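Reader: Please show me the structure. I would then like to ask some questions about it.

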Amino acid sequence: MKFKRSASLVLFFCLAAQAADKFSGTREEAKLLSAFIFNISKFTELKNASHQASHKLRLAVVGNAMLAEELRAISLSKKVNDRDLEVNDVKLQNIDTQSIDIAVLIPESTQSVIEQLKKFKGCRCLTVTYEEGVSLHGSVINFYTDQERLRFEVNLKRAKEEELELSSQLLKLGKLIE
Amino acid sequence: MKQHANTSLKTEIEKGQFLITVCVLLTCGLGFLVNNYINAKNNADHVVESTAYVLGQNLVSPLMFLDSKVAENVLRSVENHTLINGAMVYDLKGKLFASFPSDELQRVKELSLKTYEYPIISNGERVGSLTLSVHGEVNYFEMMGYVVVGIIVFGVAFVVAKTVTRLTSNKIITEISMLLSVIRKITQTGDFKNKALEGSKNKNQIEEIAGLSAEFDWMLSVIESRNQSIEEINQGLEHAVENKTRELRETQAGLVQSSKMSALGEMAAGLAHEINNPLAIISGKSQQIKNMIERNKFDKDQLVKISTSIQSTTERIAKIIKGLRSFSRDGSQDPMEICKLKTIIDETLEFCQNRFKSHEVALEVAPFKDDIEISCRSTQLGQVILNLLNNAHDAVYETQEKWVKLEVSVDDADWVTISVTDSGKGIPEKIRQKIMQPFFTTKEQGKGTGLGLSISKGIVESHSGSLTIDTACQNTRFVVRIPRAQAQTAPVQLKAA
């Protein structure tokens, strides 16, 4: 039993060491992450009843102005499935969770992210985080790095609860978490 | 009738139909293969395009999320593809993003494989490109399958065509054979009442052959009616020829007899002298007997001598008259008899030798064997000899040198040759050509009938012999050659040669 526990701890630390589990804040990473987020929005069918097809998709970035800036740059030249993308850099205290379609949560601490995710529960909002283990706490999409490559995991249970339909292509690429 | 045909109509029809069938089958087979080739090519293009589309759809997200491993997994689906050899994905910058097999780019370059490039589009935006390398334009294994199927279809069609060809040709040949059998029957029997169309039991004849049969039947009817006409004409002609022949025979017989009587007439003076002399002897002897009675002085020996002389003289006259009667009768109906040639010649000379004497024409009969026998009609042969002697006499009796010579010889082949030569200097060529023709004569008018030689020639030829002029002789010589033995034949009607 003692051996098993020790082995599990070793494995946990190894996995933890393998993944770079936090957004570093560099411009390059912000560009890559914004491209990923933009693409994920393309492969997701949002079910928010208040949003008609003709309306803009509203994307709120919480906690990282650089990422918001990069996403806004993309939205100026591209559309998400023929819909314009409106990118806002918002403060957590000012956020209206009901009017947000996609929420990118990049707070300073893990605890903070978990707290924020609770607010979006039941809002039919696609929540995107970049924090280790956060997907288990309600993030639909959570980014991580693996062998210096940006990867993402998908919480299918949460996506189902939020009535989000994710493309099979997206599911094929992402790491699925039930 | 000998047939020169080297082949039969059936063979020719089957050959023609077979060639047509083979041409049609080859054309169909070729069309089948070309069609399948085009279809296979189109299918191949379509399959490659469809695969490219599916791959492209599945490669959108790996490209977007830069996941080359997933992209490689997607490309791995072409691993067992029959047409596609490998696949490569390029990003928007043209950089190789993923490939399967991993060395595909190198292989494409080394093997110069044919490649097709397809854009990868997502929501109208190009996100990369897909390059597929293919084995070739067409799957040749598939094409071989088509060829095998084509050969099987061709074989089956060939057997069916051959059977159909045989059946159709049999129908044609059967009908033509029926027509041919009718023609053969007509050829063998000569009965034009056989009919091709009427005799045919097949009421579903081929139109052309039925037409041919009908025309043939019509032709037979025409020939039959013409044959009847010709037969009637022939019968009329036969009657006419028969009548004319009979008339001619009668005329010829009359001519022969006339000729004979003419010859007798020519000899009448000689004959009168021949008879007058014995009569004078008889008269003189009768006067001697009368004188004896008047003087009543009978000398027995003298009386016997006188009566003997009268008797012999009377016999001589009787002999002359008998010969005359014999000569004047128509001997053409007499059978061939074996006679002594000497007897015939002697009897003939009886008629004419006095004539020769009276005109001082020397008649010489060359010695010959007395026992030469010959199968002949003696009366006719005597007529020939007499005719030749008379002609010889007439030819020379007014000339300075006048002689006639009769010669008889028998050769080894048992042919008798009787030649009459006179002191003339031969017969000119022009006359020689016509001398045997009836009614040709060189004698003055009223003296000759022109029938003597032609009738003599006819008589000799009826004895299987010949009457010729010996042109080699310096004088005029007629030669009669007759076989000693004659075939037993019916009496021959003489005719002017």
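Reader: What is the mean pLDDT of chain B?

Author: This is a predicted model, with ipTM 0.75 and pTM 0.44. In chain B, 85% of the residues reach a pLDDT of 70 or more. The mean pLDDT of chain B is 81.

Reader: Over which residues of chain B does pLDDT stay under 50?

Author: Where pLDDT is low, the predicted coordinates should not be read in detail. The stretch in question has 26 contacts in the model beyond four places in sequence. In chain B it covers residues 489–497.

Reader: Which residues of chain B lose the most area to chain A?

Author: Chain B brings 14 residues to the contact and chain A brings 15 residues. About 1,300 Å² is buried between the two chains, with 53% of that area from carbon and sulfur atoms. On the side of chain B, three residues together account for 45% of what that side buries. They are Met64(B), Phe65(B) and Glu125(B).

Reader: Which side chains meet in a salt bridge between chain B and chain A?

Author: The count between chain B and chain A is one salt bridge, alongside six residue pairs in polar contact. The salt bridge has an N to O distance of 3.2 Å. Its partners are Asp67(B) and Arg151(A).

Reader: Which helix of chain B gives the most to the side that touches chain A?

Author: By class, that side has seven nonpolar, five polar and two charged residues. Helix 1 (9–64) and helix 2 (68–75) of chain B each supply at least two residues. With six residues, the one that gives the most is helix 1.

Reader: Are Asp67(B) and Arg151(A) buried or exposed?

Author: The cut-off for buried is under 20% relative accessible area. Asp67(B) has a relative accessible area of 7%, so this residue falls under the cut-off. Arg151(A) has 16% relative accessibility and therefore falls under the cut-off too. Asp67(B) is buried, and Arg151(A) is buried.

Reader: With which side chain does Glu70(A) make a polar contact of 2.7 Å?

Author: Glu70(A) lies in helix 3 (residues 65–77) of chain A and is buried, with a relative accessible area of 11%. Beyond four places in sequence, Glu70(A) touches residues including Ala30(A), Lys31(A) and Ser34(A). The polar contact joins Glu70(A) to the side chain of Arg27(A).

Reader: What distance separates the C-alpha atoms of Ile177(A) and Lys157(A)?

Author: Ile177(A) belongs to strand 9 (residues 175–177) of chain A and is buried at 13% relative accessible area. Among the residues Ile177(A) touches beyond four places in sequence are Val154(A), Leu156(A) and Lys157(A). Ile177(A) and Lys157(A) are 20 residues apart along the chain, and their C-alpha separation is 7.8 Å.

Reader: Which residues of chain B are linked in a network of salt bridges?

Author: Over all chains, the structure has 19 salt bridges. One of them, in chain A, pairs Glu162(A) with Arg158(A). The network in chain B links Lys405(B), Glu407(B), Asp470(B) and Arg477(B).

Terms used: Residues numbered from 1 in each chain as written. Chains lettered and ligands numbered in written order. Predicted model: local features only at pLDDT ≥ 70, side-chain atom pairs only at ≥ 80, totals over all residues. Heavy atoms only, no water. pLDDT = per-residue confidence, 0-100. Contact = heavy atoms within 4.5 Å. Buried area = accessible area lost by both parts, 1.4 Å probe. Salt bridge = Lys/Arg side-chain N within 4 Å of Asp/Glu carboxyl O. Polar contact = N/O pair within 3.5 Å; in protein donor to acceptor, adjacent residues only side chain to side chain. Helix = DSSP H or I, 4+ residues; strand = E, 2+ residues; numbered from the N terminus. Nonpolar A, V, L, I, M, F, W, Y, C, P; charged D, E, K, R; others polar. Buried < 20%, exposed > 50% of the residue type's maximum accessible area, 1.4 Å probe, protein only.
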